[in-house]
Amino acid sequence: MPAHAKPPTAAERQAERRRRILRAGTQLACRGGYEAVQMREVAESSQVALGTLYRYFPSKVHLLVAMMQDQLERMHGTLQRQPPAGEGPAERVAQTLMGAFRALQREPRLAEAMVRALTFADRSVSQEVDQVTRLTVAIILDAMGEPEPAPAQLSAVRVVAHTWHSALIAWLSGRASIAQVRTDVATACRLLEPED
């Protein structure tokens with residue numbers, strides 16, 4: 001470290017430690033899915049003590065849901081830099097959500113691990129799950145181009161978010177093809193079109 005550089009603050013060290021933990025969990029999930037994310041291995045790979053890891057994430061489910069939150073935050077950042085170019089809100093949202101599906105297709109074991117954790121999450125993880133839901137809604141609203149939606153629109157956005165989540169589970173479990181997912185997402189997205 002150069003003599004003139006300030007040492008990192010406690011908050012910066014904690015944020016860096018959290019990033020290392022999320023990165024280690026993501027790498028393990030990419031290699032072996034849900035079962036491969038073992039807390040001891042995550043601690044070793046991220047170079048933190050096991051007790052420290054549990055202070056950040058009380059369980060494997062907490063960690064995996066946080067990984068999903070991290071993925072959605074990155075997707076949201078990309079969306080804000082490169083908004084979709086579709087004609088209307090329904091087309092833009094469908095385009096955005098199918099782009100997310102394509103990204104998840106590249107790492108199906110990671111996708112399966114995160115969605116499995118989201119599905120298993122009990123009340124102890126409700127704050128993290130709520131954050132995933134809020135991010136999904138924010139992504140849909142940004143894709144729509146509607147920062148201040150009307151209550152009826154917000155209800156439609158929630159239906160789209162639920163449809164996307166259900167379609168993701170159906171695809172990961174082999175019960176739906178990407179073509180079926182595309183059709184279901186596009187159908188739900190039509191709720192977002194303004195009424196004549």
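User: What does G33 touch, leaving out residues up to four places away in sequence?
Analyst: In this predicted model, G33 touches L28, R109, E112 and A113 once residues up to four places away in sequence are set aside.

User: Where is G33 found, and is it buried or exposed?
Analyst: G33 is found in the loop between α1 and α2 (39-46), and it counts as buried because its relative accessible area is 3%, where the cut-off for buried is under 20%.

User: And how far apart are G33 and E87?
Analyst: Along the sequence G33 and E87 are 54 residues apart, and in space their C-alpha atoms are 37 Å apart.

User: Switching to another loop, what about the phi of Q47?
Analyst: Q47, which is found in the loop between α2 and α3 (50-56), has a positive phi of about 60° although it is not a glycine. For context, most residues other than glycine have a negative phi.

User: Is Q47 buried or exposed?
Analyst: Q47 counts as exposed, because its relative accessibility is 67% and the cut-off for exposed is over 50%.

User: What does UniProt list around there?
Analyst: An unreviewed UniProt entry places the feature "DNA-binding region" at residues 38-57, a span that in the model is 75% helix and 0% strand, with its end C-alpha atoms 12 Å apart. UniProt also lists residues 15-75 for "domain: HTH tetR-type", again from an unreviewed entry, and over those residues the chain is 80% helix and 0% strand, with the end C-alpha atoms 19 Å apart.

User: Okay, pockets now: how much space lies in the largest pocket, and which residues are closest to its centre?
Analyst: About 540 Å³ of space lies in the largest pocket, and of the 23 residues that line it, Q71, M75, G99, A100 and A103 are the closest to its centre.

User: Which helices supply at least two residues of that lining?
Analyst: Helices that each supply at least two residues of the lining are α1 (10-32), α4 (60-81), α5 and α6 (108-120).

User: Last topic, α9: what span should its 12 residues have, and what is the distance between its ends?
Analyst: At 1.5 Å a residue, the 12 residues of α9 (residues 178-189) should span 16 Å, and the end C-alpha atoms are 16 Å apart, so the two values agree.

User: Which residues of α9 are buried, and where do they sit around the axis?
Analyst: The buried residues of α9 are I178, V181, V185, A188 and C189. They cover an arc of only 100° around the axis, which means that they lie on the same side of α9.

User: And what covers them?
Analyst: The cover over the buried residues of α9 includes α5 (89-106) and α8 (151-172).

Conventions: Residues are numbered from 1 along each chain as its sequence is written. This is a predicted model: local features need pLDDT of at least 70, side-chain atom pairs count only at pLDDT 80 or more; totals for chains, interfaces and linings use all residues. Side-chain values use heavy atoms; hydrogens and water are left out. Helices (H or I, at least four residues) and strands (E, at least two) are DSSP runs, numbered from the N terminus. The expected span of a helix is 1.5 Å times one less than its number of residues. Buried means under 20% relative accessible area, exposed over 50%, partly exposed in between (1.4 Å probe, protein chains only). The arc is that of the directions from the helix axis to the C-beta atoms. Contact means heavy atoms within 4.5 Å. UniProt positions are given in the numbering used here, feature names are shortened, and annotations may be inferred rather than shown by experiment. On a 1 Å grid over the protein atoms alone, a cavity is a set of points where a 1.4 Å probe fits but cannot get out, and a pocket is an open set with protein on both sides within 12 Å along at least five of seven lines; lining residues have an atom within 4 Å of a point. Grid points are joined across faces, edges and corners, and a volume is the space filled by probe spheres set on the points.
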